[in-house]
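Work through the exercises below with the sequence and the structure at hand. Each task is followed by its solution.

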Amino acid sequence: MRYNPPSPLETPVLSRRFRLPNSQSIDTYLATDGYKGFEKATGMTQDEIIGEVKTSILRGRGGAGFPTGMKWGFVPRTSPKPKYIVVNADESEPGTCKDRLLMEFDPHQLIEGVLIAGLAVGAQQGYIYIRGEFRYLIGVMDKAIDEAYAKGYLGDNILGKGIKFNLATHSGAGAYECGEESALLESFEGKRGNPRIRPPFPAVAGAYQCPTILNNVETFCAVPSIILNGGAWFAGLGTPKNGGTRMFCLSGHVNKPGVYELPMGFNLMRMINEVGGGIRGGKKLKAVVPGGSSCPILKADECDLAMDYDTVAAAKSMLGSGGVVVLDEDTCMVNFALRIMRFYAHESCGWCIPCREGTTWLKKLLTRFHEGQGQRSDIVMIGDLSKNMLGRTFCPLGDAAAMPTIAIVEKFREEFEAHLDGKPCPYENKGSYFSNSGLAA
Amino acid sequence: MTFSPELEARFEKFLTKYPADRKRSAVIPMLVYAQDETEAITQELIEEVAKRCGVTPLQVEEVVGFYSMLHKKPQGKYHVQICTNISCLLVGGAELWEQATKKTGIGHKQNSADGRISLEEVECIGACSWAPAVQINYDFYHFVTPGQLDKLLDGLAAGKKPEEITEVQKVSC
Ligand SMILES: Cc1cc2nc3c(=O)[nH]c(=O)nc-3n(C[C@H](O)[C@H](O)[C@H](O)COP(=O)(O)O)c2cc1C
Ligand code: SF4
Ligand code: FES
C-alpha cells in the first residue's frame, strides 16, 4: 500500500475503487458503474439533477459546508453567457490530504461529477485548478481526460447525444490563498491571487465573470453516486442535514494515521481509538483540530461528539476540510499556536490591513512567548488582537487565523502562563521524535 | 526564445485550453513549467510568456512575486522541501528540518555550493496523514525517518539521483 491500509469501519463510496488494480484507468472505471450516473443524468432535466443533489444533502467538502444543490440552483441558467465548472483542487489547508487520493486513484469519478454539473447548469467547459506542487496529479488527470475524450465521454458530441463538454487541468503555483474561491478565480485568470468583493458570487459572476459552479474535488466526486443511487440513498448514509460519507484525514499522534471514508456523524473518539488505533505510545489525548488548521481546537473532554457540520459547530468549532489532527499530552500548545500563526502570516495575501498586520504581530508575539520572553499582558493581547481580526478582513483567511488562536489561548491559558518569567518550554524534548514509517510498507 | 519540443507542445496546448480572448489564463501555468527548463524566471522568459499570452511584461512580472513556487533565483538541481506544518510538526517534521540544515550547512531557500541541493521549509504539502513528509522536486516521500533523510541528503551530495538512492523509496504513482 502506498498510503495507509484501510479500516474495517469505513463505508467506501467515493473511495470504493481505490484498491482495485489499475483503478485510474477508464476500463476499470467503466467496469464498475463508471459514467453510469452521467448517462442517467442525460435523461433527466436540469431541475431533476439539481433536485437530486438537494435531496442528497451533500454539503461542500472544501470547508464551509454550503449545500451543493442550493449552490447549483443559484446559477442563472438562462443567462446568454457561457457557463463554467471549476474544480477546486488546490488542497492546501494544513491537515488535509484527501483530494490528492481522490484524483490519484479515481480520476474518472471526478470527471464524471464535473460532467453531471455541466449538464445541471448547461455548462460546456470545465477546468480543474490543481495546486502546482501536485505536478504528478496533473499528469494523472490529463491522462484520464485524454481517455475520456477517446471513449467519447468528453468532446463536442458526447455519446453521440449532441452534448458538448470540454475539460482541462490548470496548474497553480503555490499560494494557500488561491484555495479561496474568488482568489482562485483571479489566479485562474492569470493574476495575483487576491480575493474579489462578493457579491456577486461565482454562481453569477465567476470565471471570466461568467456563471460558474465552483466546488471542491470531494464534492464533485460524490455526485456520480448520488445520481446513480439517488439523493435519498446518499442522505441516508449520514445524519440529518449532513448527507453521505466524508473523507477524514486522520493525522498527528495516532497509531494509524490515514485517510478514511466514514459516514457523516461518525463519533470522533471512535475515530481516534478504533479507526486510528488510539494515541501512540499509550499517551493521553490532549486536543483535536477537527477540520484543518483554521478550525478552533477541541479539548480532550470535548471530543466525544458526532463529526457532522452541525454537531461540531455546536461545539464552537467547524468540520472544515476533513483534516483531523490529533495532539497528545506532550504537545506544547504555545508552539502549536505559533506554527499555525506562522502559516497564516506567510500565506496572508497582504490585501487588507487587519489580516496582514494582525498575523504578523501575532506571529511575533507568539514567537517571543515561546522563547520565554513573553509577558503576562501578552496573553490578553494575543486574544485581543485575534478578536480584532474576526469579521474585519476581506476574505475568511483572517478569521481562519484568528479562530484557532482564540480557542487555544482560552482553552490552554495555563500553558501560556507556564512559559512566563523566562521559564523554558515545559514540553521541550517531550514530544520526542516518533516516526510512523512502520506503516509505509 | 525556444524551448524543448515537449514544452513547446505543452504551451501549444495551454493556448488552446482557454477562450481565445483569455490567453492570460496561461501565464501562471507557463511560468511554472518553463522555469523547470530555464532554471529560473528570467527577464527574457517574462517577455516571452507575455508575448505568447498577449499581455504586457508587467502583467507577468506582477504574478511572479505572488506565488511561492515561482523563483527568479535558480534552485539546486534537487530542491528538498521539508514540511513543518502542524501534522508534520507533531511527528518530527521540525526535527527533520533542523537535521537537514545542520547536515548541509545551508538554510531556507539556499543552495549548496555545488548547486546540487537546495532546501526549503514548506507549508503543508498535502501528505498530512503520511507525515512527516518531504518533497524532492515533484516527488513525495512519506513517513520519512531521520535515517532516511540522511541517506537522501548523502546520496544527493555524492552525485546520485534520488531514484539511485534505493534505500528510500519515493511514493510511486
Ligand atoms: C483561505 C481559504 C483557503 C481555502 N482553500 C481551499 C482549498 O484548498 N480547497 C477547497 O476546496 N476549498 C478551499 N477553500 C474554500 C473555498 O473558498 C470554497 O468555499 C470551496 O472551494 C467551495 O466548494 P465546496 O462548496 O464544494 O466546499 C478555502 C477558503 C479559504 C477562505
Ligand atoms: S483576509 Fe488576508 S488573505 Fe484575505 S484578503 Fe485580507 S490580507 Fe488577503
Ligand atoms: S502538514 Fe505536512 S503535509 Fe500537511
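**Exercise 1: strand pairing**

Strands β2 (residues 125–130) and β4 (residues 163–171) of chain A run parallel and are joined by six bridges. The model is predicted: local features need pLDDT of at least 70, side-chain atom pairs count only at pLDDT 80 or more, and totals for chains, interfaces and linings use all residues. Residues are numbered from 1 along each chain as its sequence is written, chains are lettered from A and ligands numbered from 1 in the order in which they are written, and side-chain values use heavy atoms, with hydrogens and water left out.

Task: find the bridge partner of Gly126(A) in β4(A), then give the strand order of the sheet.

Solution.
1. Gly126(A) has Leu167(A) as its bridge partner.
2. The sheet is open, with mixed pairing and the order β3-β4-β2-β1-β5 in chain A. Strands (E, at least two residues) are DSSP runs numbered from the N terminus, and two of them pair if DSSP finds at least two bridges between them.
3. β3 (155–158) and β5 (212–216) of chain A each pair on one side only, as edge strands.

**Exercise 2: nonpolar cores**

Task: state which residues have the most contacts inside the largest nonpolar core.

Solution.
1. A nonpolar core joins buried (under 20% relative accessible area, 1.4 Å probe, protein chains only) Ala, Val, Leu, Ile, Met, Phe, Trp, Tyr and Cys residues through side-chain atoms within 4.5 Å.
2. The largest has 122 residues, and Leu110(A) and Leu31(B) have the most contacts inside it.
3. Helix α6 (residues 107–121) of chain A gives the largest share of this core, nine residues; helices are DSSP runs of H or I, at least four residues.
4. Another core, of 42 residues, lies apart from it and includes Leu327(A) and Leu89(B).

Notes: Buried means under 20% relative accessible area, exposed over 50%, partly exposed in between (1.4 Å probe, protein chains only).
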